Amino acid sequence: MATIYIDDKPYEVPTGKNLLEAVLTLGKDLPYFCWHPAMGSIGACRQCAVKVYKDENDTKGKLFMSCMEQVRDGMRISIADMEAKEFRAHVIGWLMTNHPHDCAVCDEGGSCHLQDMTVMTGHNYRAYRFDKRTYINQYLGPFINHEMNRCIQCYRCVRYYKDYAGGKDLDVFAAHNHLYFGRHEDGVLESEFSGNLVEVCPTGVFTDKTLKQHYTRKWDLTMAPSVCHHCSLGCNISAGERYGTLRNITNRYNGEVNGYFLCDRGRFGYEHVNHVGRIRKPLVRAQLPEATDKLTALQAAAAAFRTGSVIGIGSPRASLESNFMLKTLVGDDNFHHGVSDTDHDLVGLALKILKEGAAPTPSMREVEQADAVFILGEDLINTAPMLALAVRQSVRKQPALEHISKANIPVWQDAAVRELMQNEMGPLFIATIQDTKLDEIATHTYNDSPDAIARLGFAVANFIHADFPEVQGLNEDELQLARQIADTLLAAKKPLVISGTHCGSERVLMATANIANALVAKEKEAGIVLTLPECNSMGLAKLGGHRLESAFEAILNGYADTVIILENDLYRRANAGIVTNFLKTAKNVIVIDHLHNATTEEADVLLAAGTFAEADGTLVNNEGRAQRFFQVYPTSEDLQESWRWLGELGTLLAHDRISHWHGFDDILQAMVKEQPELKGIEAVAPGTDFRIAGQKIPRAPHRFSGRTAMQADINVSEPKPPVDPDAPLSYTMEGYRGQPPSSIIPFFWAPGWNSAQATNKYQQEVGGHLKGGDPGLRLIKPDTSKTEPYTQTVPQKFQPLEGHLYMLPLHHIFGSEELSMHSPPIVERAPEPYVLLNEEDAIQMKLQVGENLSFTIEGQVYQVPVKISPHLRSGTAGLPAGLPGIPYAELPAWAILNRELKWKQQPQTTY
Amino acid sequence: MFSLLRSMWLTFLHAFHKRETIQYPEQKAILPTRWRGRIVLSRDPDGGERCVACNLCAAACPVDCIALQATEDETGRRYPEFFRINFSRCIFCGFCEDACPTYAIQLIPDFEMGEYNRQNLVYEKKDLLINGQGKYHGYNYYKVAGLAIGGKGKGEAENEAPPVDIKSLIP
């Protein structure tokens with residue numbers, strides 16, 4: 001700690017920071033543009049000037065850019081000094097000379113850093129009388145809108161896009177006062193993290209194109225703290241609603257999980273909430289009209305329940321509470337996981353490895369600190385995008401740690417550090433089934449079948465620690481690579497292995513566990529990260545339940561005749577023929593879901609569930625972190641949370657336990673009591689009765705407008721504001737105006753800070769953890785004593801089969817996830833159906849790119865156009881997972897090639 | 001005694017003063033143009049809707065009686081999809097007119113808005129939009145804004161230089 005004097009008052013600040021960070025951490029207001037806590041300082045905008053004095057006798061002082069000054073003990077500075085103030089006002093005056101008169105039609109208005117800073121410096125009137133510079137805008141794809149006139153040349157966009165996120169297609173062009181930030185030509189921004197430009201840009205050059213379709217100012221949004229449902233990482237988001245539809249998703253800072261950024265699937269994949277295919281009323285198929293009210297539907301479900309013997313099918317995309325309610329209602333023996341058997345086994349194994357393995361799972365912030373990374377079988381950009389971004393930071397930071405101490409440069413001196421590093425990158429090894437977008441920063445890549453990847457992993461573990469099983473029959477290159485990886489991981493201080501369920505191989509997971517255990521046995525501070533298929537896969541695994549296959553057997557063999565399916569499209573979990581047979585055989589099918597799909601078509605009773613924006617619940621992410629998401633806006637009583645439907649059904653059936661639970665808190669208490677594994681989730685967020693100064697936390701900002709006119713067209717007498725029985729949050733602007741606890745921050749706002757930059761005011765230290773600790777609670781503690789090999793069985797070499805292809809799942813950030821594929825901009829970015837073939841295989845089969853390949857997997861016939869990759873192993877092929885247009889098959893699986901030539905000639909059928 | 005008579009005399013003299021009372025409704029009062037009465041939405045000199053749906057009036061409204069939703073035409077010109085004022089809540093403070101960056105929303109000297117049914121005091125855009133510029137003539141927001149809309153490209157607004165040729169190196 002150092003003592004600095006700001007305007008003659010002493011303050012204690014941590015050393016090693018720059019002055020701007022220190023001043024902001026103290027809660028003072030100092031304007032800035034080019035500096036960003038995640039990206040460091042470059043001193044480009046000259047906005048954060050302060051006076052620095054030599055000693056207490058110095059009355060004159062010198063102007064310094066605070067973001068470029070290291071904190072020194074005994075330093076004397078002045079923020080309020082007249083000369084410094086005038087300087088800052090002038091700088092913003094110059095920045096504004098070309099800024100258009102656009103605020104009224106600009107999407108950034110109301111959450112604009114430039115507006116805030118202009119007000120803060122007091123620059124009120126334009127002094128520049130001459131013409132304004134203008135630019136032609138570019139088309140940047142379905143996510144981002146470009147309005148270049150508004151640019152103030154802070155360089156944040158290119159520093160984020162190129163340096164931080166590794167994008168290639170956004171840059172700065174032209175010269176002097178004509179700088180242009182954009183692409184070399186119109187086109188879709190390629191980066192999967194382009195949405196963050198919206199929040200990184202201090203003004204309205206890059207804005208959210210999906211928000212533009214239903215534009216609402218930040219002050220008019222009803223916002224709630226939520227958790228992204230589009231992958232297993234559980235990034236924190238803030239969802240905003242107006243007039244009953246979801247308007248946008250913004251980042252909700254969590255120092256441990258997502259930090260300042262989100263991926264594009266998370267940010268733009270929300271439109272399923274507003275989709276025309278939403279189920280908004282319960283349906284009972286036996287009557288006309290089918291759409292009915294809540295009570296009729298509940299009675300129909302209860303009648304089916306009373307007469308039959310019931311099984312329940314849970315879902316990895318439903319909250320823990322909903323799954324638990326279903327499990328309680330149907331009984332432990334009748335609760336089945338609504339996931340494919342491959343996923344069931346893989347997630348179970350991943351949970352076991354995390355619980356019984358010796359290495360802990362680092363959070364994403366800790367992943368950024370890792371100094372050697374080995375990825376096995378995961379195409380991270382497509383399966384866990386934000387983790388890929390974290391790995392990128394680790395690769396970027398690793399060489400800096402070493403060099404900086406020698407070069408005497410502070411870490412935050414971004415430009416200098418970058419100059420020093422040049423293209424040097426930290427160690428990263430990637431072993432995947434095909435090439436990935438992270439390959440460009442990898443030290444070495446290895447593409448082969450999952451078994452070969454597992455064998456490489458086992459070999460690495462063996463080289464790290466001789467007690468671990470040896471691998472026979474590796475070739476020279478593989479041995480050399482394994483040794484290189486082992487040496488690098490051993491040389492690192494915090495080595496990290498990453499794997500997951502997405503290549504569908506248990507052996508890869510076991511190999512990863514072996515490496516992690518071997519590293520811990522060598523007393524390394526090793527970490528293991530396993531990615532999972534869906535947002536609550538981990539929660540469902542922790543809850544426990546039977547396989548989906550046994551649910552099918554129960555119905556088909558007549559042990560049960562009624563099934564309740566919770567938020568699950570079974571046609572994405574098992575072979576279509578089996579599922580159809582299953583649903584037809586079941587006497588009563590009760591489905592609770594929020595979107596119409598093939599499964600809901602077969603439902604006898606369909607109950608309208610709330611999406612993540614219309615429900616409260618808890619999710620457990622891949623690291624075992626339980627996180628609460630809150631309802632954003634109230635719904636009609638015909639549409640409610642799944643757990644509430646199940647609770648009401650239980651009450652109607654006079655269930656001995658459920659009928660005693662009243663509300664969300666009771667369910668949480670019961671869940672913790674009955675599932676000791678989940679202990680702690682009741683403390684993830686404050687309870688329903690939590691109040692500050694007797695008040696709830698408001699979801700709407702204090703300047704929320706139109707309350708007495710919004711519904712005046714229906715009835716001029718305003719209804720009573722809706723009450724939320726499940727959360728300590730109110731749906732209106734009434735409530736406590738100070739900072740709420742970190743887990744229930746609906747939006748970031750501070751006086752004078754309307755943009756997302758207000759996050760600074762909520763952090764213990766700028767860029768650090770939120771005040772009161774980051775939200776979320778880890779449920780898994782590793783067992784550090786168990787450092788023996790996880791398994792001794794090493795898989796055999798992969799052998800291609802004549803007339804067959806080993807079909808592997810390929811994941812796509814845009815396309816593989818079910819819910820985000822209801823967002824038009826995401827659909828626009830998704831690939832067309834294809835099958836990926838090895839180059840040589842394609843030549844052998846006489847297939848060109850675009851020609852159809854016909855094959856059969858477990859009786860399901862496919863005919864899809866071919867794409868060719870040199871990286872895929874010969875004898876294997878790749879099929880996009882979850883992509884609409886490609887029927888479900890449990891992958892990996894052997895595909896039987898259909899050799900009949902006539903298939904090739906026929907036009908492709910659409911499924 | 002004297003003061004009593006004086007008062008009566010002065011009152012009597014008032015019988016010969018000029019009448020202040022107006023025989024409303026037969027006779028209408030002449031109100032100053034800055035009188036804050038009924039709210040209208042005006043059009044720019046070219047006949048386009050002046051309102052750009054920036055939401056500032058709604059934010060400024062102390063009784064929150066303005067609600068609107070922004071939308072855009074195919075050329076990027078923003079306008080309100082709906083614009084609703086609940087006059088049964090309006091206090092005619094004129095903050096909305098102050099806040100309006102485009103002179104779209106104006107308070108005019110008309111106060112005859114009485115209704116028997118309160119629901120009729122909810123005015124939609126069709127009730128608010130007039131076919132003229134109202135009190136402020138000659139202002140066209142899109143002529144000074146940097147945004148390109150139909151009929152006005154980049155660099156064609158007032159005080160704007162033509163678009164930069166980013167390939168040029170000439171200073």
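Student: What joins β6 of chain A to β6(B)?
Tutor: Two bridges, with strand β6 (residues 132-134) of chain A and β6(B) running parallel. Keep in mind that this is a predicted model.

Student: And which residue of β6(B) stands opposite Thr134(A)?
Tutor: That's Pro163(B).

Student: New topic, the open sheet in chain A. What's the strand order?
Tutor: β19-β18-β17-β20-β21, five strands with parallel pairing. The edges are β19 (444-447) and β21 (527-531), each of which pairs on one side only. From one strand to the next, the twist averages 10 degrees.

Student: How many bridges hold β17 and β18 of chain A together?
Tutor: Four, between residues 372-376 and residues 428-432, in the parallel sense. Within that pair, Phe374(A) stands opposite Phe429(A).

Student: Which strands does helix α16 of chain A lie across?
Tutor: α16 (residues 476-491) lies across β17, β18, β19 and β20 (495-500) of chain A. Relative to β17(A), the helix runs at about 135 degrees.

Student: OK, helices now. How do α10 and α17 of chain A pack?
Tutor: α10 (residues 341-356) and α17 (residues 506-521) meet at an angle of about 5 degrees, and their axes are 10 Å apart. Angles under 35 degrees count as roughly parallel, so α10(A) and α17(A) are roughly parallel to each other.

Student: Which residues make that contact?
Tutor: From α10(A), you have Asp345(A), Leu346(A), Leu349(A), Ala350(A) and Ile353(A). α17(A) supplies Glu506(A), Leu509(A) and Ala513(A). By class, the contact has six nonpolar, no polar and two charged residues.

Student: Last one: how far does α13 of chain A reach?
Tutor: Its 23 residues, 385-407, span 33 Å from the first C-alpha to the last, close to the 33 Å expected at 1.5 Å a residue.

Student: Where is the kink in α13(A) centred?
Tutor: On Leu401(A), with a bend of about 35 degrees. Then, following α13(A), comes Asn408(A), which has a positive phi near 60 degrees.

How values were computed
Residues numbered from 1 in each chain as written. Chains lettered and ligands numbered in written order. Predicted model: local features only at pLDDT ≥ 70, side-chain atom pairs only at ≥ 80, totals over all residues. Expected span 1.5 Å × (residues − 1). Bend = angle between axes of the 7 residues up to and from the residue. Pairing = 2+ DSSP bridges. Axes fitted to C-alpha atoms, helices over the stretch in contact; angles between N-to-C directions. Parallel < 35°, antiparallel > 145°, perpendicular 65-115°, else oblique. Contact = placed C-beta atoms within 7 Å. Nonpolar A, V, L, I, M, F, W, Y, C, P; charged D, E, K, R; others polar.
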